[in-house]
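Hi everyone, thanks for coming. I'd like to walk you through a few local details of one model, so please have a look at it with me.

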Amino acid sequence: MILRSLLIASLLSAPATAQSFTPDAFRAHVAFLADDLLEGRDTGSRGHEVAARYVAAQFEALGLKPGGDTGGWYQQVTFQKTSHGATPGTLTLTAPGGTQRWTHGQDVVIGLNPLEPATDLTAPLVFVGYGIADKSLGLDDYRGVDVRGKIAVMLRGYPKGLGSEVGAHLNSVKAEAAQARGAVGVIAVDTLLSARTTGWNVRQRSAGEAEYNWVGKDGTPHVDAPGIRVGAGVNDTVAEALFAGARTTLAAVRAEADRTGGRPRAFPLTGTVRIQASTTSERVVSPNVIGILPGADPKLAPEVVVLSAHLDHIGVAPAKPGDASGKDRINNGALDNASGIATMLEVARAAATAPDKPRRTLLFLASTAEEKGLLGADYFAQNPTVPIERIVGDVDLDMPLLLYPFTDVIAFGAEHSTLGKVVADAAAPMNIALTPDPMPQEGIFTRSDHYMFVRQGVPAVFLATGFANGGEKAWTGFLGGNYHHPGDDLNQKIDWAAGARFAEVNYRITRAMADADEAPRWYKGDFFGDAFAPKAPKASR
């Protein structure tokens, strides 16, 4: 309570105007949230709880209304943390050539099933191309095969030539597609491209990691495809064995997949696989923090504009053999994502202190468990504290790279709705350009919290600093260096003036969304608008 009172008093005593965005104010938020004492803000940790209280105190000092559970600032989310059991899982292949067995963490990586503490499943195999199916696009990799009660063996990624954002989405829902056709398991095999992008040694690093699922009100962990009982990734040795004796070789499949527009066709494989695995689990509770600024226009106030940013990071890295005494293992997450939260808090301050209040209601969401799979945002989007049909748009702030004086921004997802034009028009007076996704191969559209709003039919974008004026070099260096590393701390040469500038452009974007006569709309014929908001009014391009 003492810390909370001091935070409120300090904020209230600091003079500010709606138009003032200062480097010092921005830095103060980041310095607190990225301090070693918060130990990397891991989901469910004491450090994350302190960070959540900091954000709530800032909201309270600004006069925002609590937007969490039962009139409070927090939406408490229960997670199940599932870990591999003491006995490593195994994958056993029985085929005409004999029986072979591989162990989890070596040649195979077996996924965790939060619904089964002990899994033992034996099923035949069917190759299903990329495992993608979508009626609106005329795609069905399952055409001509029956996968009921079987394990679907599929290529990683999506076909060359398919748009990156649509492809990234279809890649993320492969388990649901397999379940819909009766499959009970999935096995992922590398393409030539995915093997070049992410080597098997990188995939092995995740073999010991726990997985998180948010828990529904009925006490059951939420799983998008509960009918898929087993999932695994395999290296080339195992992949070759799975395809041995099949009518098409793995080499031929990969060659077809490596061609632009290439779509390897489905066919049965000759073997049967048995996957055995055990898990342990525990429950963890961690909050989303939600503040609301009611709209000033009686007609538009029922509509809600969301500004979101994730508060969590990845905590303290485990010690490794040979580590020097006193080695820094705290992943402070200064840029990922204390900088996004700082931006959100500065936008909230500007909106709350503006003489002309926003017409629509603003909801500020500091989400938890983004690093565990966008889980806090997914929980909010599926269990919103305001009716989901009233949420008209979301701008997500995740890891703005503030290491250079940016002159452009990227709004991932801008081309799907009128939000793209809102961002471009709001940024133009600051001589900030809106530029296209410069790294479509990363599938970033599905990798931040805004995507969970998209899946509920809400137009949304993820805003980041762009590649111009030294941005590409800064991004390349950060992603290959301090990203998810203890080096993401205040010892970096952070450009605090760029932070203030990023906050200002986001304030302009938020106000444009809140004050426009018409709410953001999906474009006619857009894949995401048609898939997730088919009955919503659409805009012409």
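When I say helix or strand, I mean DSSP runs, numbered from the N terminus: H or I over at least four residues for helices, E over at least two for strands. Residues are numbered from 1 along each chain as its sequence is written. Please remember that this is a predicted model, where local features need pLDDT of at least 70 and side-chain atom pairs pLDDT 80 or more, while totals for chains, interfaces and linings use all residues, and side-chain values rest on heavy atoms, without hydrogens or water.

Let's begin with helix 8. After this helix comes Gly 245, with a positive phi near 80°. Buried means under 20% relative accessible area, exposed means over 50%, and partly exposed is in between, using a 1.4 Å probe and protein chains only.

Most residues other than glycine have a negative phi, and most peptide bonds are trans. Arg 41 has a phi near 50° and sits in the loop between helix 2 (23–33) and helix 3 (46–61). Is Arg 41 buried or exposed? It is buried, at 1% relative accessible area. Ala 369 has a phi near 55°, in the loop between strand 15 (361–367) and helix 11 (375–382), and is buried at 0%.

As for peptide bonds, the one from Asp 336 to Asn 337 is cis, with omega near 10°. Asn 337 belongs to helix 10 (residues 334–353).

Next stop, Asp 120, in strand 6 (residues 118–127). Because its relative accessibility is 40%, Asp 120 counts as partly exposed. Leaving aside neighbours within four places in sequence, Asp 120 is in contact, meaning heavy atoms within 4.5 Å, with Arg 229, Arg 274, Ile 275 and Gln 276. Gln 276 is 156 residues away in sequence, yet the C-alpha atoms are 4.5 Å apart.

Last, a helix pair. Helix 12 (residues 419–427) meets helix 15 (residues 496–515) through residues including Leu 419 and Val 422 on one side, and Val 505 and Arg 508 on the other. Thanks, and I'm happy to take questions!

Technical notes. Axes fitted to C-alpha atoms, helices over the stretch in contact; angles between N-to-C directions.
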